[in-house]
Amino acid sequence: KEMLTKELQTKFRSGVGMLLFMVKHSQPDIANAVRELSKCMGKASYNAYKELLRVIKFVLDTPDYGLRLVIKETNTIEDLVQIVTFVDAEWAGDKETQLSISGFIIMMQGSLICWRSKAQQGVTLSSTESKYVLLSDAVQEVKYSMMMCESIGLKVTKPMKIKLDNIGAMFTAEMANATKRTRHVDVKYHYMRQEIENSNVELEFVRSENNLTDMFTKNV
């Protein structure tokens, strides 16, 4: 692959930096594409540079895309806040490292408040395992969102719903005993079981076509 010149590499890093800012504050729909571009900040090819230009063109062509927080006039501080989370993982989605790609979104009263698209720390052996690992990370963010709401006097409906499209991952998360297929999983990923037992979160199946997190693990 032909690498960029020093001047174009500087422009590449600048462009990715601006897109990362947009992902964080206003346009999470490009999170997965920008995550992939950020992997070659030190030594990008001309193909990567073309992909960067495509993403920038998409941003320029969609100036009306953004985030909106909707508050109903009838809401009061005594109302219970609904926090719903969608999670998804693309098993071995990174073709170079074979790492799975995790994605999740957290919605409060129907408005997006938190999102994530990133490669997992280690290789997983199945789609079920990749989504089980993702669940642990998502539960931590969900609990943080709950604590933030409660710190300002908002009451959160419990258990909070976490929606995913993998029955195997749900079964693994809800059972207490490890099997030969899951006993190798790092103990830190079993954190969610405690939150399920404490009725802070509840897993709910959602069909893949209705999983809003799909764009955080795959490019259009």
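User: Where does Ala92 lie relative to strand S2 and strand S3?

Analyst: Ala92 lies in the loop between strand S2 (83–90) and strand S3 (101–108). This is a predicted model, where local features need pLDDT of at least 70, side-chain atom pairs count only at pLDDT 80 or more, and totals for chains, interfaces and linings use all residues. Residues are numbered from 1 along each chain as its sequence is written, and side-chain values use heavy atoms, with hydrogens and water left out.

User: Is Ala92 buried or exposed?

Analyst: Buried means under 20% relative accessible area, exposed means over 50%, and partly exposed is in between (1.4 Å probe, protein chains only). Ala92 comes out at 13%, so it is buried. Its phi is near 50°, a positive value in a residue other than glycine.

User: What is phi of Gln109, and where does the residue sit?

Analyst: Phi of Gln109 is near 55°, again positive in a non-glycine residue. Gln109 sits in the loop between S3 and strand S4 (111–119), and its relative accessibility of 32% makes it partly exposed.

User: Which backbone oxygen does the side chain of Thr62 reach?

Analyst: A polar contact is a pair of N or O atoms within 3.5 Å; within protein, one must be able to donate a hydrogen and the other to accept it, and sequence-adjacent residues count only if both atoms are side-chain atoms. The Thr62 side chain reaches the backbone oxygen of Phe58 at 2.7 Å. Thr62 is buried at 8%.

Technical notes:
Helices (H or I, at least four residues) and strands (E, at least two) are DSSP runs, numbered from the N terminus.
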